[in-house]
Structure formats: C-alpha cells, structure tokens
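Here's a quick briefing for anyone meeting this structure for the first time. Take a look at it below, then read on for a few things to look for.

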Amino acid sequence: MFNLPDLFNLTGRVAVITGGGGVLCGAMARALGNNGVRVAVLDLNGEAAERVAADVRSDGGQAIAVVVDVLDRSSVEAAVRQVMDAFGRVDILINGAGGNKKQATTSPELPFFDLPPDAIRWVFDLNFLGTLLPCQVFGKLMAGQDEGCILNISSMNAFRPLTRIPAYSAAKAAVSNFTQWLAVHMAQEYSPRIRVNAIAPGFFLTEQNRFLLTDEATGELTPRGRTIIEHTPMGRFGDPEDLLGTVLWLLSPGAAFVTGVVVPVDGGFSAFSGV
Ligand code: NAD
C-alpha cells in the first residue's frame with residue numbers, strides 16, 4: 001500500500017552535517033534531529049556545533065558535536081571515526097561548510113585587479129575543496145555500505161554569477177558541476193543506491209553576507225540588498241526553515257530515483273528575468 005509518511009521517513013538514519021554550527025545547516029541539523037535522525041554536527045567552530053547538538057538533545061533527539069576542518073583530510077578522517085564510534089554508520093552527508101569573505105569581494109576600495117590570490121584561494125577552497133574532501137572520506141564509507149545520500153549546498157551564483165564575488169560564484173558553479181559528476185560516478189562505479197544532489201538557496205541573511213546586504217551602522221538594506229528583494233518575486237529574503245522541505249525530500253526515500261540535480265530554493269529569483 002502506498003503510504004505517504006513512509007516516503008519521507010528518516011527515523012534512525014545517521015546524518016553528518018558539515019558547517020552544522022552555522023545558520024542554514026544548524027536549522028537542518030535541528031530539524032533532522034527533531035525527526036528521529038541521529039545527527040553529527042561538524043564544524044570548525046566547536047562551540048557553535050555544540051550549541052546546535054545541545055538543542056537537538058534538549059528536544060529529545062540524539063546529536064554529537066565534532067570539531068572538523070573540512071580542508072584537512074586527516075581532520076575529516078578523525079571525524080568519521082568519532083561518528084562511527086557514536087552511531088556506527090553514516091547514511092547522510094550534508095556539505096554545508098562554505099562562505100565568502102570581504103577580501104575576495106570587489107568594492108570601490110578593492111577593485112577586481114587587486115583581489116589578493118590568497119583570499120580567492122581561501123573562498124575557492126572552502127566551498128569546492130571543502131565539499132569534495134568530505135565526499136571522498138564519507139563517500140568511501142557509503143560505498144562500503146552500498147547506500148548513502150549526499151547533499152551539497154550550491155547557490156544562485158552557480159546559475160549566473162553575481163556581481164562583486166567572482167571566487168564565490170566560480171566555486172559554487174564548481175559545486176553544482178561536481179554534484180552532477182559525483183552522482184554519475186557513485187551510481188556507475190559503486191552503487192545506484194548512493195545519491196548525490198544539491199540545493200541552491202536564494203538569499204538568506206546570515207553572517208557571511210550580512211555586510212553586503214545590510215548597512216552595518218543602521219541595519220537598513222544596502223542598494224544590493226534592495227536589488228535582491230526587487231528580483232525575488234516573493235519579495236523577501238528566505239528563512240532557514242524555507243529550505244527544510246526540499247532538504248527532507250532530497251534525503252528521503254521519496255527521492256529514491258533523484259540524483260545529480262541542483263534544486264533552487266529561492267522565492268523565484270532564478271526564474272525572474274528582471275522584467
Ligand atoms: P554560516 O557562516 O552561518 O555557516 C557556515 C559554517 O561553516 C560556520 O559555522 C563555519 O564555522 C563553518 N566552517 C567554515 N569553515 C569551515 C571549515 N574549514 N571546516 C568546517 N566548518 C567550517 O553560513 P550559512 O549562510 O548558513 O551557509 C551555509 C552554506 O549555504 C554555505 O555553503 C553557503 O555558501 C551556502 N549558501 C548560503 C546562502 C545565504 O544566503 N546565506 C545562499 C546560498 C548558499
């Protein structure tokens with residue numbers, strides 16, 4: 001018999017969430033933890049990870065916090081061991097660690113011609129290598145289990161680059177491209193029961209973009225912030241909770257035949273031509 005709740009049931013699964021101490025992936029960790037998923041919150045910021053894990057536990061769920069640097073393979077391997085000790089398997093990997101920085105962002109004071117290579121490399125590494133490396137380490141585990149589900153976090157920049165942030169745009173385009181590549185590779189070389197997808201969030205006010213979208217002194221929208229709202233047919237920034245339905249769908253048995261897709265969750269931003 002067709003049972004709708006079964007399609008979206010993730011009870012008992014184990015999810016590893018990098019960047020889980022952050023705004024968007026913290027919301028995902030709490031939502032999964034509140035719905036029977038055992039959650040490992042991985043973050044460079046141990047206190048932030050512990051806060052999210054503690055929230056899950058205080059709501060009756062199971063969660064651990066693990067300090068990890070997604071750019072350091074031995075750190076990711078140590079994290080796998082901690083997760084395996086705690087939960088014994090990994091069903092889901094969400095690659096949420098990512099972000100941009102001011103020094104890789106053009107401005108009147110910092111023209112494109114002077115963007116420092118170090119800052120460009122920092123942004124590219126965090127978003128692209130920081131996604132690929134956990135996929136290597138946890139993907140190998142999933143290959144051994146003959147099943148698993150990976151969810152990467154791309155961005156609107158991947159479809160069309162946004163002004164001012166060339167490294168972040170290119171890195172997120174690489175994340176989308178890699179999502180397709182890895183979906184094919186895992187299905188063909190290891191198991192059709194390992195799926196790899198991505199979401200492309202629209203605009204959410206978080207620590208990494210607050211300096212671009214709101215005025216530090218007044219809290220008012222910057223011209224860039226206003227332009228984004230004007231180009232979002234739904235007329236607002238997203239709330240982290242707006243991502244949860246799509247995340248749940250992509251992770252769940254309801255998406256069993258879905259792999260290699262990048263789903264925009266953007267209030268219509270990517271559909272709107274501006275006219
Ligand atoms: P956030 O800054 O709140 O969270 C990112 C987390 O990653 C932080 O907790 C940070 O400590 C962690 N992190 C940074 N470097 C790390 C490293 N080397 N190893 C492990 N953890 C590390 O950002 P957010 O807005 O919640 O973003 C989450 C993801 O969503 C990112 O990939 C971001 O690029 C993407 N995204 C955000 C938006 C948005 O509007 N905020 C839009 C599209 C995509």
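Let's start with Arg164: at 33% relative accessibility, this residue counts as partly exposed, because that value falls between the 20% and 50% cut-offs. Keep in mind that this is a predicted model.

**Backbone angles**

- Most residues other than glycine have a negative phi.
- Arg164 has a positive phi of about 80°, although it is not a glycine.
- You'll find Arg164 in the loop between strand 5 and helix 6.
- Asp146 isn't a glycine either, and its phi is also positive, near 65°.
- Look for Asp146 in the loop between helix 5 and strand 5 (148-153).
- With 36% relative accessibility, Asp146 counts as partly exposed.

**The largest pocket**

- The largest pocket holds about 1,100 Å³ of space.
- Its lining is made up of 44 residues, and the closest to the pocket's centre are Gly96, Gly98, Gly99, Asn100 and Gln208.
- Several elements give two or more residues to this lining, among them strand 2 (38-43), helix 5 (117-145) and helix 6 (166-190).
- Helix 7 (210-213) and helix 8 (223-230) are also on that list, as is helix 2 (23-33).
- Helix 2 gives the most to the lining of the largest pocket, with three residues.
- Sorted by type, the lining of the largest pocket has 23 nonpolar residues, 16 polar ones and five charged ones.

Conventions: Residues are numbered from 1 along each chain as its sequence is written. This is a predicted model: local features need pLDDT of at least 70, side-chain atom pairs count only at pLDDT 80 or more; totals for chains, interfaces and linings use all residues. Side-chain values use heavy atoms; hydrogens and water are left out. On a 1 Å grid over the protein atoms alone, a cavity is a set of points where a 1.4 Å probe fits but cannot get out, and a pocket is an open set with protein on both sides within 12 Å along at least five of seven lines; lining residues have an atom within 4 Å of a point. Grid points are joined across faces, edges and corners, and a volume is the space filled by probe spheres set on the points. Helices (H or I, at least four residues) and strands (E, at least two) are DSSP runs, numbered from the N terminus. Ala, Val, Leu, Ile, Met, Phe, Trp, Tyr, Cys and Pro count as nonpolar, Asp, Glu, Lys and Arg as charged, and the others, Gly among them, as polar. Buried means under 20% relative accessible area, exposed over 50%, partly exposed in between (1.4 Å probe, protein chains only).
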